[in-house]
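Subject: The structure, with some notes

Hi,

Here is the structure I promised to pass on. Please have it open while you read, as my notes follow below.

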Amino acid sequence: MRGDLDRPDATDPRADLEYGTVPRLVRAAAERYGPAEAVAEGRHRLTYAQLGERVERAAAACVAAGVAPGDRVALWAPNTTDWITAALGAVTAGAVLVPVNTRFKGGETADVLRRTRARLLFVTGTFLGTSYVASLRRAAREGTGRGPLPGLPHLEQVVVLSGDAPEAFVTWEEFLAAGEAVPVGAVRARADAVRPTDPSDIIFTSGTTGRPKGAVITHAQTLRAYAVWSALAGLAPGDRYLIVNPFFHTFGYKAGIIACLLRGATMIPQPVFGVPTALAHIAAERVTVLPGPPTLHQQLLDHPERARYDLRSLRLVVTGAAVVPLRLVERLRAELGVATVLTAYGLSESSGIATMCRRDDPPQTVAATSGRAVPGTEIRIADSEGRAVAAGTAGEVLVRGYHVMSGYYEDPPATAEVLTPDGWLRTGDIGVLDGDGNLRITDRLKDMFIVGGFNVYPAEIEQLLARHPDVAEAAVVGIPDPRLGEVGKAYAVRRPGSVLTSGELIAWARREMANYKVPREVAFVAALPRNASGKVVKGELRRGGPGAGTGSRLPTR
């Protein structure tokens with residue numbers, strides 16, 4: 001099924017040619033929307049003209065730091081104005097941006113930095129009570145590198161996005177000051193040398209092997225995809241966009257920052273999703289646009305203090321990543337007066353977009369499907385041999401289009417597993433197309449489940465749990481959770497003689513992996529159920545497991 005060109009004037013599949021690259025988009029936005037408010041973060045406000053100046057200043061500092069075109073620059077920080085400036089500055093200097101998940105622990109981040117050979121890292125100071133700098137230093141303290149972190153030999157500089165930085169690191173202001181000697185002309189020459197076909201970012205995701213993989217996306221792919229996304233969503237100049245989706249994710253960075261730059265909307269970054277904070281932001285900032293996972297909107301609707309806030313400014317909600325109850329769509333429209341509620345489907349490997357509902361779709365279509373293929377995209381439902389199946393028949397979802405990644409960063413074997421010779425991306429999701437081409441995701445071929453909007457891959461957690469000295473093996477499945485949608489439940493086999501408790505294993509997991517990956521329940525079993533070929537039968541685990549022994553549930557928070 002090929003995406004229709006609903007409104008060719010607004011969804012021109014060659015819209016990327018207007019700007020060509022992200023650096024040129026930033027400059028064009030500064031000129032086109034100059035006095036309009038670009039970023040609103042508490043008392044700190046930036047117009048588009050001021051944002052353009054700050055991005056050039058950050059780009060100059062990157063040049064002064066020795067960042068060369070094509071170098072990887074990583075960013076490990078929550079949603080803030082500094083994230084926006086640092087990211088766009090690095091890309092303007094010709095670097096390839098590597099956003100890092102803020103829920104990662106030091107070891108997980110060090111692995112990404114090591115594999116991409118990142119030359120420069122921007123990192124937050126303390127976030128959610130954790131010192132990211134200390135966590136990274138512990139993970140990379142051993143090695144032969146001469147830079148600030150011995151275990152990361154390619155990392156030459158670490159910039160702490162705060163007023164304080166430990167020895168061998170630099171503060172954000174010190175970093176910017178070092179770029180003042182770089183002429184504006186040199187920065188613009190560097191920006192103009194970036195080509196539309198150059199990689200703009202590497203978005204890391206986890207696979208069923210448990211090894212994170214980085215999807216490589218170009219400037220042209222990003223701009224074309226989010227010109228289409230913005231047009232289909234109806235994003236417009238003057239919109240005020242509360243961005244609670246993390247910037248390290250495509251939904252936050254591209255459907256947030258890039259989309260706002262394309263359309264002249266105001267970005268309102270929120271570092272952590274909290275319902276009271278979101279309600280206050282919507283009321284005080286007159287927020288009009290609020291994309292996010294269904295759990296986010298459900299929590300807003302159900303919050304006991306909701307009536308105290310004026311939410312009438314909201315006009316656009318874009319959601320996805322999970323089944324959307326029809327009741328949720330109806331409540332958003334009836335109780336909050338949201339005129340447009342849309343659902344969409346995509347993954348990092350397809351630049352975050354593949355299908356999307358249209359603004360005139362009925363509520364039943366929005367709730368029951370993820371819409372139809374976006375312009376310039378083909379969707380196929382295939383059997384195990386890759387052959388297309390009839391409408392209404394379940395199969396693996398395949399995607400083909402201009403926005404599909406060139407491959408996983410320096411990982412040809414993994415790339416070959418998901419990209420076919422004729423350009424189809426094997427998503428690993430099971431879905432059905434209806435007669436109108438609307439896609440309904442029915443299952444996840446790779447057992448992935450979603451915790452509060454974060455994709456969780458059981459194989460990765462299983463490998464981490466197996467590192468515990470008292471765990472012989474483990475299997476993880478997703479189970480329903482009223483707040484987060486789904487959470488992980490682990491079935492573990494103790495080693496002989498072990499008296500490990502579920503609470504101890506959960507506490508250990510909290511120290512070893514990002515919080516959303518931590519199983520909320522653990523059940524100990526004598527053996528995992530397996531089929532004749534030796535594979536774990538996860539269907540049996542989802543139905544209640546093979547006679548669980550002692551168990552415990554961790555409260556979600």
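Let me start with helix α11, residues 294-302, whose buried residues are P294, T295, L296, H297, L300 and L301. Buried here means under 20% relative accessible area, with exposed being over 50% and partly exposed in between, using a 1.4 Å probe and protein chains only. The cover over those α11 residues includes α10 (275-285), β14 (316-320), α12 (326-335) and β26 (485-494). Contact means heavy atoms within 4.5 Å, and helices (H or I, at least four residues) and strands (E, at least two) are DSSP runs numbered from the N terminus.

A word on where this comes from: it is a predicted model, in which local features need pLDDT of at least 70 and side-chain atom pairs count only at pLDDT 80 or more, while totals for chains, interfaces and linings use all residues. Residues are numbered from 1 along each chain as its sequence is written, and side-chain values use heavy atoms, leaving out hydrogens and water.

Next, two helix pairs. Helix α8 (residues 219-233) packs against helix α9 (residues 250-263) at about 80°, and their axes are 9 Å apart. The two are therefore roughly perpendicular. Axes are lines fitted to C-alpha atoms, for helices over the stretch in contact, and angles run from 0 to 180 degrees between N-to-C directions. Under 35 degrees counts as roughly parallel, over 145 as roughly antiparallel, 65 to 115 as roughly perpendicular and the rest as oblique. On the α8 side the contact includes Y226 and W229, and on the α9 side F251 and I258 are among the residues they meet. By class, this contact has 10 nonpolar, three polar and two charged residues. Nonpolar covers Ala, Val, Leu, Ile, Met, Phe, Trp, Tyr, Cys and Pro; charged covers Asp, Glu, Lys and Arg; the others, Gly among them, are polar.

Helices α1 (residues 22-32) and α7 (residues 184-193) meet at about 125°, with axes 8 Å apart, so this pair is oblique. P23, R24 and R27 of α1 touch R188, A191 and D192 of α7. That contact has two nonpolar, no polar and four charged residues.

Finally, two strand residues. T218 sits in strand β11 (residues 213-218) and is buried, at 14% relative accessible area. Beyond its neighbours within four places in sequence, T218 contacts P196, T197, D198, P199 and S200. D481, in strand β25 (residues 471-481), is buried too, at 6% relative accessibility. Its side chain reaches the backbone nitrogen of L484 at 2.8 Å.

Best wishes

Methods
Polar contact = N/O pair within 3.5 Å; in protein donor to acceptor, adjacent residues only side chain to side chain.
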